[in-house]
Amino acid sequence: MLRWCLLRLYHIVTLVLCISAREDFDWTKSERTAFFYGTFPTGFTWGAGSSAYQTEGAWNVDGKGMSIWDAFSHKKGKIFQNETGDSSCDGFYKFKEDINLMKEMKLNHYRFSISWPRILPSGLKGESINEKGIKYYNGLINMLLENKITPIVTLYHWDLPQVLQEKYGGWQNISMVNYFNDFANLCFERFGSRVKYWITFNNPWSIAVEGYETGEHAPGLKMKGTGAYRAAHHIIKAHAKVWHTYDTGWRSKQKGLVGISLTADWGEPVDTSNQRDIEAAERYIQFYLGWFATPIFNGDYPQVMKDYIGRKSGQQGLGASRLPVFSAQEKSYIKGTCDFLGLGHFTTRYVTQKNYPSSIGDSYLADRDLAELVDPKWPDPGSEWLYSVPWGFRRLLNFVKSQYGNPMIYVTENGVSEKTLCTDLCDDWRMQYFKDYINEMLKAIKDGVNVKGYTAWSLLDNFEWDEGYSERFGLYYVDFRNKNKPRYPKASVQYYKRIISSNGFPNQREVESWKRKSIETCSSSNQLLAAARRKSQGGQEHSGMQKTWPVHDEV
Ligand code: NOJ
């Protein structure tokens with residue numbers, strides 16, 4: 001413990017010294033904090049996101065099979081306060097109401113995911129197709145389209161059918177490639193006449209590292225140093241197979257696009273004049289984003305991953321690298337399987353070199369030989385890991401442009417949470433976060449990055465995985481203690497609505513009035529929420545909340 005504290009102190013001191021001594025990159029020098037007034041290209045699309053397990057609830061309703069998240073959250077001690085997604089926001093029942101919320105914000109698109117076991121309860125297409133599940137997604141898709149909201153659909157946002165985990169070991173097993181392909185093919189067949197944007201996987205880094213390395217997420221396995229690499233290998237192959245399935249079987253008829261959504265923090269060298277820090281920051285990002293993006297865009301794992309994991313495996317006396325290898329045939333099959341890149345981004349880290357001796361054992365984290373640091377001055381209003389560092393977003397977007405041939409990018413997730421038990425709907429910090437991050441995205445577009453759309457995470461407060469309901473990312477507050485799960489707009493709803501209707505930040509005078517105007521509308525919502533809570537605490541079940549909360553117009 002003492003060693004840890006001293007090490008941490010050393011890191012903070014070094015960080016403070018280095019930050020004050022270092023020079024910025026030229027291309028951000030004048031604009032790192034300056035606000036850029038301007039608008040987005042015509043046709044830029046604005047949306048909000050969700051995922052099935054985090055919002056739908058109805059975990060065992062209408063023939064849905066069990067997912068690894070149902071099983072994981074039902075085990076004691078896995079989730080904050082042993083909460084589960086059993087009912088969550090009841091999105092399964094309330095999607096019409098939620099579409100009204102989207103309409104009022106004038107969203108152009110809505111990103112959601114399809115629960116694999118809701119459609120294929122055992123995971124296998126050959127066994128049984130749950131038509132009731134299909135009907136639910138048809139209703140959602142049709143109503144979105146009737147309201148001119150484009151569906152962007154994720155096929156896998158972490159809820160693998162539990163049967164596939166139990167029988168085959170989930171993503172450790174290569175057979176998932178074909179099973180996932182069958183499921184995706186069914187989705188193309190049933191929904192593809194109306195869905196034109198498909199995302200195969202959401203944040204495979206998290207599936208691999210948190211699911212199979214640290215075990216914080218379902219299926220909760222701790223296969224250190226090997227599990228994450230194997231899971232990722234199979235996920236990349238599954239992604240490529242699904243892209244080919246669409247390309248050969250559906251594209252000419254349906255004319256849609258298939259991409260993947262990768263999430264990455266930006267990694268900035270602590271000292272930009274120190275070669276070891278520069279290389280450590282490069283490794284940080286290559287082990288994060290590059291792990292998936294490099295095979296998909298360039299045909300193989302990043303060289304630095306092959307070098308580091310290969311060398312460490314050798315030092316550990318292993319005959320082969322713990323990082324699996326793609327054959328030449330596989331490389332060319334995988335390369336180029338992305339019509340657009342979905343990008344999720346929330347935060348940034350400073351990075352410095354740190355050697356991990358092989359004696360501490362195998363692990364993905366140790367393979368990188370680096371330490372992550374944060375600037376104590378960075379705002380961190382919500383989740384422990386989430387510091388607001390807007391300039392990192394622009395750098396990440398430029399990194400994607402230069403490394404992967406300037407692909408078409410849809411930002412599929414970006415947002416900020418608030419701390420446990422916060423019931424303040426006047427979310428000043430979220431408005432600031434959106435303003436600054438969206439502005440950095442605008443600067444990136446001016447740099448030439450090909451960003452086509454932005455998706456705020458998330459439409460509603462929802463089940464934040466192992467953190468349960470303690471971290472709220474929503475534009476809308478959900479009162480989870482009330483059985484009707486009413487939604488209340490936070491001030492950021494108004495703020496985001498203004499960004500959307502102006503397609504950016506038109507001029508200083510106007511933008512500066514947005515926060516004040518948005519705040520004016522939230523104090524009444526605060527009062528209503530407080531009154532509803534008092535009422536339900538007084539023993540009466542609250543049921544009178546109006547179905548769609550009015551989103552006020554310009555004041
Ligand atoms: C990324 C995940 O895809 C999403 O499900 C999660 O809620 C956000 N990160 C925030 O942690």
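**The cysteines and their surroundings**

Analyst: Cys426 and Cys522 are joined by a disulfide, with an S to S distance of 2.1 Å. The structure holds 1 disulfide. In general terms, such a link is a covalent bond between the sulfur atoms of two cysteines. The torsion about the S-S bond of Cys426 and Cys522 is about 115 degrees, and the disulfide is therefore right-handed.

The two partners come from separate parts of the chain. Cys426 belongs to the loop that runs between strand 11 (409-413) and helix 18 (428-446), while Cys522 sits in helix 20 (residues 508-537), so the pair ties together parts that are 96 residues apart in sequence.

Cys187 takes part in no disulfide, and the nearest cysteine sulfur, which belongs to Cys338, is 18 Å away. Cys187 has a relative accessible area of 0% and counts as buried. Cys338 is also in no disulfide; for Cys338 the nearest cysteine sulfur is that of Cys187, at 18 Å. With a relative accessible area of 13%, Cys338 is buried.

Some caution is in order about how the coordinates are read. This is a predicted model. The mean pLDDT of the chain is 91, and 90% of its residues reach 70 or more. Over residues 1-30, however, the pLDDT is below 50, and this stretch has 33 contacts in the model beyond near neighbours in sequence. Residues 539-555 also have a pLDDT below 50, with 37 contacts beyond near neighbours in sequence. Where pLDDT is low, the predicted coordinates should not be read in detail.

For context, the model also contains a ligand. Around the ligand are Gln54, His157, Trp158, Asn202, Phe346, Trp385, Glu413, Trp457, Glu464, Trp465 and Phe473. Gln54 places a polar side-chain atom 2.8 Å from an oxygen atom of the ligand. The side chain of His157 has an N or O atom 2.9 Å from an oxygen atom of the ligand, and for the side chain of Trp465 the distance from an N or O atom to a ligand oxygen atom is 2.9 Å. On its own the ligand has 290 Å² of accessible area, of which the protein covers 95%.

Two other regions complete the picture. Helix 10 (residues 204-212) is mostly covered, since 9 of its 9 residues are buried. Among them are Pro204, Trp205, Glu210 and Tyr212. Trp250 lies in the loop between helix 11 (227-249) and helix 12 (251-254), and at 14% relative accessibility Trp250 counts as buried. Leaving aside residues up to four places away in sequence, Trp250 touches Asn185, Phe188, Glu189, Thr245 and Lys255. With one of these, Asn185, the side chain of Trp250 makes a side-chain polar contact of 2.7 Å. Trp250 and Leu459 are 209 residues apart in sequence, and their C-alpha atoms are 30 Å apart in space.

Notes
Residues are numbered from 1 along each chain as its sequence is written. This is a predicted model: local features need pLDDT of at least 70, side-chain atom pairs count only at pLDDT 80 or more; totals for chains, interfaces and linings use all residues. Side-chain values use heavy atoms; hydrogens and water are left out. pLDDT is the predictor's confidence in each residue, from 0 to 100. Contact means heavy atoms within 4.5 Å. A disulfide is a pair of cysteine sulfur atoms within 2.5 Å. Helices (H or I, at least four residues) and strands (E, at least two) are DSSP runs, numbered from the N terminus. Buried means under 20% relative accessible area, exposed over 50%, partly exposed in between (1.4 Å probe, protein chains only). A residue is near a molecule or strand if one of its heavy atoms lies within 4 Å of it. A polar contact is a pair of N or O atoms within 3.5 Å; within protein, one must be able to donate a hydrogen and the other to accept it, and residues adjacent in sequence count only if both atoms are side-chain atoms. Accessible areas come from the Shrake-Rupley method with a 1.4 Å probe; for residues, only the protein chains shown count as cover.
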